[in-house]
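Subject: Structure handover

Hello,

I am passing on the structure we spoke about. Please look it over first; my notes on what was found follow below.

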Amino acid sequence: MPSSIVCQNLCFDYEYDDEAPVEVLKNVSVEIKEGEFVALVGKNGCGKSTLAKHFNAILLPKSGRVLIDGMDTTDEDSVIKIREKVGLVLQNPDNQIVATIVEEDVAFGPENLGIPPLEIRERVDWALKAVGMYEFRESAPHKLSGGQKQRVAVASVIAMRPKFIILDEPTAMLDPRGRSEVMDCITSLNKDYGLSIVLITHNMDEAALADRIIAMEDGRIVMDAPPDEVFTHIEAIRALGLDVPPVTQLAFDLRKNGIDMPQDILHVNQCVRAVLRHLQPVEGGADIFGNDKY
Ligand SMILES: Nc1ncnc2c1ncn2[C@@H]1O[C@H](COP(=O)(O)OP(=O)(O)OP(=O)(O)O)[C@@H](O)[C@H]1O
Ligand SMILES: [Mg+2]
């Protein structure tokens, strides 16, 4: 049976000693299936990280249920199995790297699972190759760039052979180059290795790479659709306090000015192609800039 993460009417609040609890997740129902690449977006404080922590039993529902492959996260006997199936990568790679040599760091998780040494070796090599860090296996993590460290953190998680990886703003602390390295790594893990991904991000260019975008607002899921559909609702996205990819905004503005542009532009190359179509010389006609011919 394919793996899945299922939340049914999930409610949660953080308990404070002297204050009334504030509901952070409000009746969240969602299913994420094996093989999917999902982006989870929403304004600061809307509950994304809190939801993600329910996916591997770090937090437990106040009411409702979270099922990982049918295993209830409140069932104490299932917690270890659940954590093997759902791995979590956090924002700051420095907080996730525990060893002084890259390959030792990646071996740490499988060692804790009691995996035999020969298989650990295989898993470490596989994981480091999958994130493109195999040639750095004997390096000291502190000498790596931010993007490289984050890829080692990802390798350490996938070496435990999870079905799902949840990445909570993994690129937030990285420079543009590190961001694109980590995003290439994430998309490849999904497309080439079949790993299911839940990527929490504030960057809409990153969200546009997913197959499905789930948007949250104030503890609720308010949108759940493929990127090309989500970004046709530009005003609704803006109302949620979110950006749209700059090329999508550009296409939207051109369309508003009467220029025929497709509604589902998410990537620069799609935008370039659509604009180029308008630049084809037309006999006796004018191009979009009002020039007669060129
Ligand atoms: N450990 C905690 N104790 C108490 N309240 C918390 C805790 N963690 C989060 N909260 C509160 O719960 C709400 C949801 O927080 P959460 O971190 O899930 O949001 P988020 O969508 O991940 O935000 P961000 O984009 O800033 O990471 C916020 O109001 C936050 O202040
Ligand atoms: Mg968060």
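E169 counts as partly exposed, with 18 C-beta neighbours inside 10 Å; the classes are buried for 20 or more other C-beta atoms within 10 Å of a residue's own, exposed for 12 or fewer, and partly exposed in between, with C-beta atoms placed from the backbone. E169 lies in the loop between β7 and α6, and its phi is near 50°, a positive value in a residue other than glycine. Helices (H or I, at least four residues) and strands (E, at least two) are DSSP runs, numbered from the N terminus.

This is a predicted model, in which local features need pLDDT of at least 70 and side-chain atom pairs count only at pLDDT 80 or more, while totals for chains, interfaces and linings use all residues. Residues are numbered from 1 along each chain as its sequence is written, and chains are lettered from A and ligands numbered from 1 in the order in which they are written.

A57 also has a positive phi, of about 65°, although it is not a glycine. A57 sits in the loop between α1 and β4 (63–68) and is buried, with 22 other C-beta atoms within 10 Å.

Overall picture. The protein chain has eleven helices and ten strands, and its C-alpha trace spans about 75 × 50 × 40 Å along the principal axes. Of the 294 residues, 39% are buried.

Domains. The domain assignment gives domain 1 (35–60 + 77–243) and domain 2 (245–283); such bounds come from an automatic or database domain assignment. Their centres, taken over C-alpha atoms, are separated by 32 Å. Eight residues of domain 1 are in contact with seven residues of domain 2, contact being C-beta atoms, placed from the backbone, within 7 Å. On the side of domain 1 that touches domain 2, α7 (204–207) and α8 (227–230) each supply at least two residues. That side divides into five nonpolar residues, one polar and two charged. Here Ala, Val, Leu, Ile, Met, Phe, Trp, Tyr, Cys and Pro count as nonpolar, Asp, Glu, Lys and Arg as charged, and the others, Gly among them, as polar.

Core. The largest nonpolar core has 78 residues, and A155, I158 and V198 have the most contacts inside it. A nonpolar core is a set of buried Ala, Val, Leu, Ile, Met, Phe, Trp, Tyr and Cys residues joined through C-beta atoms within 7 Å. Helix α5 (residues 146–158) gives the largest share of this core, six residues. Both domain 1 and domain 2 give residues to the core, so it lies between them. Leaving aside neighbours within four places in sequence, V198 is in contact with I32, V38, L40, A52, F55, F164 and I166.

Helix α5. Twelve of the 13 residues of α5 are buried, so this helix is largely enclosed by the rest of the structure. Its buried residues pack against β6 (86–89), α3 (102–112), α4 (117–130), β7 (164–168) and α6 (176–191).

Ligand 1. The residues around ligand 1 are Y14, V24, G42, N44, G45, C46, G47, K48, S49 and T50, a residue being near a molecule if its C-beta atom, placed from the backbone, lies within 6 Å of it. Helix α1 (residues 48–55) supplies the largest share of this shell, three residues. The shell divides into three nonpolar residues, six polar and one charged.

Regards

Terms used: Contact = placed C-beta atoms within 7 Å.
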